[in-house]
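Work through the exercises below with the structure open beside the text. Each task is followed by its solution in steps.

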Amino acid sequence: MINFGYQRNESATLDLDTTHSELYKKLLDKEPSAATCISCGTCAATCSAGQFTDFNLRKIMLLCKRGDMQSFKPIINRCMVCGKCQLACPKGVNTRNIVLILNKYLHAGKISK
Amino acid sequence: MGKISENLNYPKISVVVKNMKSIAIIGSGIAGIEAASRLSKFGHKVYLIEKNSEIGGYVAQWDRLFPSQTEAKTVLNDLIKKLNNRAEVLTNVTVQHCEKKDRQFELVLTDNKHLVVDAILVTTGFDIFRAERKEEYGYGIYENVITSSDLEKMFAENNVVCKNGESPKRLAFVHCVGSRDEKVGNRHCSKVCCATAVKQACEIKELYPSCEVFNLYMDLRMFDRHFEDMYHEAQSKYHVNFIRGRLSEAGENKEHQVIIKTEDTLAGKPLKLTVDLLVLMTGMEPCYLQKTINSKLGLRSDTDGFLSTKNSFTENNLSNADGIFVAGTCTGPKTIPETLADSRAAAGLLNSYLMS
Amino acid sequence: MKKEGKEQIWKDYQKEIPDNDFFYVRSCIRQNLFPASEVIFLKILREELGRNVFETPHHTTCGGIGYHSDIVPMETMMTIIARQFSLMTEAGFENYACSCITSFGLYSEVLETWHHFPKVLEKVRKDLKEATGREFKLPKTLSHASDVIYKVRHEIAEKAKYKLINKHTGKPLKVVEHIGCHYSKMFPNKGVGGAEYPYVLTGMVEAWGGEIIDYPERRHCCGFGFRQYLVQANRGYSLANTHKKFESMEPFEPDMIITNCPGCPFFLDRWQYVIAETEGKTYGGKNQGIPVFTYEEVAGMVLGYDPWDLGLQVHQIAVEPLLDKVGIPYNSETKYLGLDGKNLGKPELPKNICSC
């Protein structure tokens, strides 16, 4: 193999043909209210953890739906589980439970029974 | 119940009408039919002029209606039943010539029939945007790209399948095709496509529960009563995927599936997706005959091509010409209930005008 | 794929292409990358088809490479182009034909700008007059050289010795057409067939016996994109775009690629080598690439010109397998001899991909 001094860039595209939203499907089984998120961002706006870290629940929910787990794995445990987002959510999504489920899956490798 | 509503809606004005007046209604969609049945009930002579061979307009071509999934033919049949053959329906004709004589209009139709009427109601409605014009979406070229109207026909025929006859495993709806798009000359929102797309998404999931459904939208406009419930159900019950992004292009792979590209604007990333069937939510445009009709009747359209009204708040059933009234989607996109309400208002106004 | 749909679009995008008397201008880079293509264009038009084509050594760059790399400002570029038009005017021609796609895009952009902003045109006239004493008329027609070959494609087909047909199977060759982005993506009505489904190369391939394949990334950039390639640090992006195209066309098993842009055939040809050398992947079967040609080379091939006189030996991807498929004879002994018969030297051949 020859080194030309540059390499082909990896695609930045969210390719829904190759990504899998398995985690999202599991999440829906555990917490059906996740389906009703409308990405309004109220959760992220009210989030205390988001003031100090790059934790952003709106983005996490969206990336989870798109099957892009690696992008939010490093930040999912920055939530303090204070529950403010749940109070603010206009759709009644059980946000706290979602964070707990995702955290467990991504850092303990499974979703608890 | 029928009797009560008849009595409520139509007080015995009809019997007290002494001088029967006549009205020409141009366009026999639901707006024309509803106005015809009201005006004839008031005791006037109504001519219902239709360019096609059948009355009923676009509602006649639809399967079920949002948000209640009521069958379109039920609604249309109710309207036609109420009309009760009281109007003179003239099909396969349009207005060839119009001349105002005192307070009356003399109309010559394309079959050379002459009508003398006391007023005209324009209910010319809309046309569906021709999806071929968004060339990059490949309608008419890629065999699994269809429009929302095509899908309604498939629902009506109970035959929602891809070109190869198989049921779709993945399907996407593209909102705002020919609407909110200055590149095709349509800045306006067509108002009904968002709700239609969500309705059709639910219907697909009802039919094929394992089919993955994606709705690609710019803004979701769930503005009317029960629309938000329908959207909520699409999410909670059917797990329809909503992606905020306008489709940039569609292509076809070797298996004749459609590959679509968009930006997921909420994730901030380009997104690619292969679907078995792509449904284009084609919007509303002014009727293709509107300009011709305007020139014959002396009417004006706004820059969006829909008819101008005298005052968009208080006199939205009056055109710029005396004695010519307007109702329905010829003055801009409307839902079916809005169209019918507008039409009834126009009929009431027309009646007062004719009696004055 | 429904061809009728494309044919409808092709009907909508027809442009005026003159039949004779061209003022022809060359590309900055094509003579280095594909040394015979422009000569072949002149030979076909003048000697085979008896057309009058004029060219002048006073022609310079149009400024396109600098313009698209943000080095040459628009005012400078417009004045350079005004000077080219003055050369045309002095020579007594009014049909401008350029070899380069980017030049074609620039000319189209400038003519459109002057059309909408006549004051800009006046300023350019003044600037050119002050700087060089020259005056100019606007061309009556602007053609890309591929438009001209498109125009005479059937005449070429009549004189052709070979067809784009696989002589072993008797089936048409499967051809990928790649149109330079600056041909019609900016001004769809200035290209034959428009922007989404251009017909200019498809028409040639069909006339010469081949079959076009449409693959999902057909419209995508070849990977040149000026800044994406010119800066070494960005080349991974250029490569990624080419890679995307080849991954997309691979399932269709194309026999060859035809292009109408100076940069595209170069990148589609050379990046196949880089992909093979860095990732071990080839797209024309084991160790085989997909040969890439300019439309002049393809015209020369079907007319039966010696492949080495067409400059095919300077390609990266080996052309011999394709020549064998069509049945075009070639002499391996003379492959690396120059026009003067002197040995040009044999290139070092890579291991991972069969090369010229």
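**Exercise 1. The two domains of chain B**

Task: In this predicted model, find how many residues of domain 1 of chain B are in contact with domain 2 of chain B, and describe the domain 1 side by class.

Solution. Eleven residues of domain 1 of chain B are in contact with 18 residues of domain 2 of chain B. Sorted by class, the domain 1 side of this contact has four nonpolar, three polar and four charged residues. The next step is to locate the domains in the chain. According to the domain assignment, domain 1 of chain B covers 19-125 + 287-355, and domain 2 of chain B covers 131-284. The C-alpha centres of these two domains of chain B are 32 Å apart.

**Exercise 2. Overall dimensions of chain B**

Task: State what radius of gyration a compact globule of 356 residues would have, and set the value of chain B against it.

Solution. Begin with the elements: chain B has nine helices and 20 strands. The C-alpha trace of chain B spans about 70 × 45 × 35 Å along its principal axes. For 356 residues, a compact globule would have a radius of gyration near 21 Å; the value for chain B is 22 Å, so the two agree.

**Exercise 3. Helices H3 and H4 of chain B**

Task: Determine how H3(B) and H4(B) pack, and which residues of H3(B) meet which residues in H4(B).

Solution. Take the geometry to start with. Helix H3 (residues 30-41) of chain B packs on helix H4 (residues 72-83) of chain B at an angle of about 30°, and their axes are 8 Å apart. Angles under 35 degrees count as roughly parallel, so H3(B) is roughly parallel to H4(B). The crossing of H3(B) and H4(B) is left-handed.

Then take the residues. From H3(B), B:Ile30, B:Ile33, B:Glu34, B:Ala36 and B:Ser37 meet B:Leu76, B:Leu79, B:Ile80, B:Lys82 and B:Leu83 of H4(B). By class, this contact of H3(B) with H4(B) holds seven nonpolar, one polar and two charged residues.

**Exercise 4. Helices H5 and H6 of chain B**

Task: Give the angle and the distance between the axes of H5(B) and H6(B), and the residues that meet.

Solution. Helix H5 (residues 148-156) and helix H6 (residues 193-207) of chain B pack at an angle of about 35°, with 11 Å between their axes. The crossing of H5(B) and H6(B) is left-handed. On the H5(B) side are B:Ser148, B:Leu151 and B:Phe155; they meet B:Cys193, B:Thr196, B:Gln200 and B:Glu203 in H6(B). The contact of H5(B) with H6(B) divides into three nonpolar, three polar and one charged residues.

**Exercise 5. Backbone exceptions in chain B**

Task: Where in chain B do B:Pro67 and B:Lys191 lie, and what is the backbone geometry at B:Pro67 and B:Lys191?

Solution. The peptide bond from B:Phe66 to B:Pro67 is cis, with omega near -10°. B:Pro67 lies in the loop between strand E3 (64-65) and strand E4 (70-71) of chain B. B:Lys191, although not a glycine, has a positive phi of about 70°. The loop that holds B:Lys191 runs between strand E12 (170-177) and H6 of chain B.

**Exercise 6. Chain A and its partners**

Task: Describe chain A, then its contacts with chain B and chain C.

Solution. Chain A has six helices and one strand, in the order β-α-α-α-α-α-α from the N terminus. Its C-alpha trace spans about 55 × 30 × 25 Å along the principal axes.

The contact between chain A and chain B takes 15 residues from chain A and 14 residues from chain B. On the chain B side, helix H7 (227-236) and strand E17 (269-275) each supply at least two residues. E17(B) has the largest share of that side, six residues. By class, the chain B side has five nonpolar, six polar and three charged residues.

Nine residues of chain A are in contact with ten residues of chain C. The chain A side of that contact divides into four nonpolar, four polar and one charged.

Terms used. Residues are numbered from 1 along each chain as its sequence is written. Chains are lettered from A and ligands numbered from 1 in the order in which they are written. This is a predicted model: local features need pLDDT of at least 70, side-chain atom pairs count only at pLDDT 80 or more; totals for chains, interfaces and linings use all residues. Two residues are in contact if their C-beta atoms, placed from the backbone, lie within 7 Å. Ala, Val, Leu, Ile, Met, Phe, Trp, Tyr, Cys and Pro count as nonpolar, Asp, Glu, Lys and Arg as charged, and the others, Gly among them, as polar. Axes are lines fitted to C-alpha atoms, for helices over the stretch in contact, and angles run from 0 to 180 degrees between N-to-C directions. Helices (H or I, at least four residues) and strands (E, at least two) are DSSP runs, numbered from the N terminus. A crossing is left-handed if the near helix is turned anticlockwise from the far one by less than a right angle, and right-handed if clockwise. Domain bounds come from an automatic or database domain assignment. Angles under 35 degrees count as roughly parallel, over 145 as roughly antiparallel, 65 to 115 as roughly perpendicular and the rest as oblique. The radius of gyration is taken over C-alpha atoms; the globule rule is 2.2 Å times the number of residues to the power 0.38.
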